[in-house]
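Let's take a walk through this protein model together, one piece at a time.

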Amino acid sequence: MGRFEIGGDVLRVFKEKFMEIVFLVCACLSIVAIFMICAFIFFNAVPALNEIGWIDFVFGKVWKPRQDLFGVFPMIIASLYVTAGAVLIGVPVGVLTAVFMAFYCPKFLYKIIKPMINLLASIPSIVYGFFFLVVIVPFFQQITDTSGKGILTVSVLLGLMILPTIVNVAETALKAVPSQYFDGALALGATKERAVFQIVIPGAKSGILSGVILGIGRAIGETMAVVMVAGNQAVFPSSITSGVRTLTSNIVLEMGYASGIHRGALIGTAALLFIFILIINFCFSLLVKIGEDKM
């Protein structure tokens, strides 16, 4: 029996070491993939941006490739506007929906709402875009007396698209807070609403912010749906109903026929998007760290 026990221990240790190596290889592959993407983007973008001029590229106000004018500043502003609009719409609705599902939703209703939210996440972006183009754009045409394509339409679209991500991550974060916090607050005389909003939500702040980061990443990186309802005008927006062209839209609209410095400028636009995402992640990580230090 002793030999079998020793053999079983050796086999178990071998399996653990083997799986440890598998996990390490997968993690390394992820890191290698990121570095390869970064290398491709920046190695192809830097020569073109050196020729255009970094300042002229980032702060230039005119995008006319045929005249060798590659200013993406209007598209940067447009991307920030529509992303901010999506956050203003999607984050409050998403977090409050997660609170409802975690603390107030009856079980029979939860079984209906949860699959519907997951279904929202699985709908292709082109379907969202087509629905907004056919239904929502004509509605905004009537109430705003404009083309219906612009910042407001895109913000509503992206706010809807980021909802599943925010709801699922926020709900998981809320349920991960130890139940003793909630029960203790109720035992001390707090109302259910006060226990949720002053005890549980601050305790789940890190997870909720992670959901917001993921939502912002999807909003700022969304392309096809935005192309269909944004208006695609590479100019500064004058109002929330003005047509705009985002950074992602600019890439997909022109990459098919771009060449030379024009292609390099589009790859530079992708590099700019990559930098934006890094800055957003850094800022949210800093906010989380500051919040944890205060606690």
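Helix 12, residues 247-254, is mostly covered, with six of its eight residues buried. Here "buried" means under 20% relative accessible area, "exposed" means over 50%, and "partly exposed" is anything in between (1.4 Å probe, protein chains only). The buried ones in helix 12 are Leu247, Thr248, Ser249, Asn250, Ile251 and Glu254. As for the naming, helices (H or I, at least four residues) and strands (E, at least two) are DSSP runs, numbered from the N terminus.

A quick word on what you're looking at: this is a predicted model, where local features need pLDDT of at least 70 and side-chain atom pairs count only at pLDDT 80 or more, while totals for chains, interfaces and linings use all residues. Residues are numbered from 1 along each chain as its sequence is written, and side-chain values use heavy atoms, leaving out hydrogens and water.

Now move on to helix 13 (residues 261-294), where you'll find threonine 269. Is threonine 269 buried or exposed? Its relative accessibility is 0%, so threonine 269 counts as buried. Threonine 269 sits 188 residues from tyrosine 81 in sequence, and their C-alpha atoms are 17 Å apart in space.

Aspartate 68 has a relative accessible area of 55%, so it is exposed. Between aspartate 68 and phenylalanine 43 there are 25 residues in sequence and 21 Å in space, C-alpha to C-alpha.

Next, see how some helices meet. The axes of helix 3 (residues 73-104) and helix 7 (residues 163-176) come within 8 Å and cross at roughly 45 degrees. Axes are lines fitted to C-alpha atoms, for helices over the stretch in contact, and angles run from 0 to 180 degrees between N-to-C directions. Angles under 35 degrees count as roughly parallel, over 145 as roughly antiparallel, 65 to 115 as roughly perpendicular, and the rest as oblique. Helix 3 and helix 7 are therefore oblique to each other. Helix 8 (residues 179-187) and helix 9 (residues 192-203) have axes that come within 9 Å and cross at roughly 135 degrees, so this pair is oblique too.

With 35% relative accessibility, methionine 19 counts as partly exposed.
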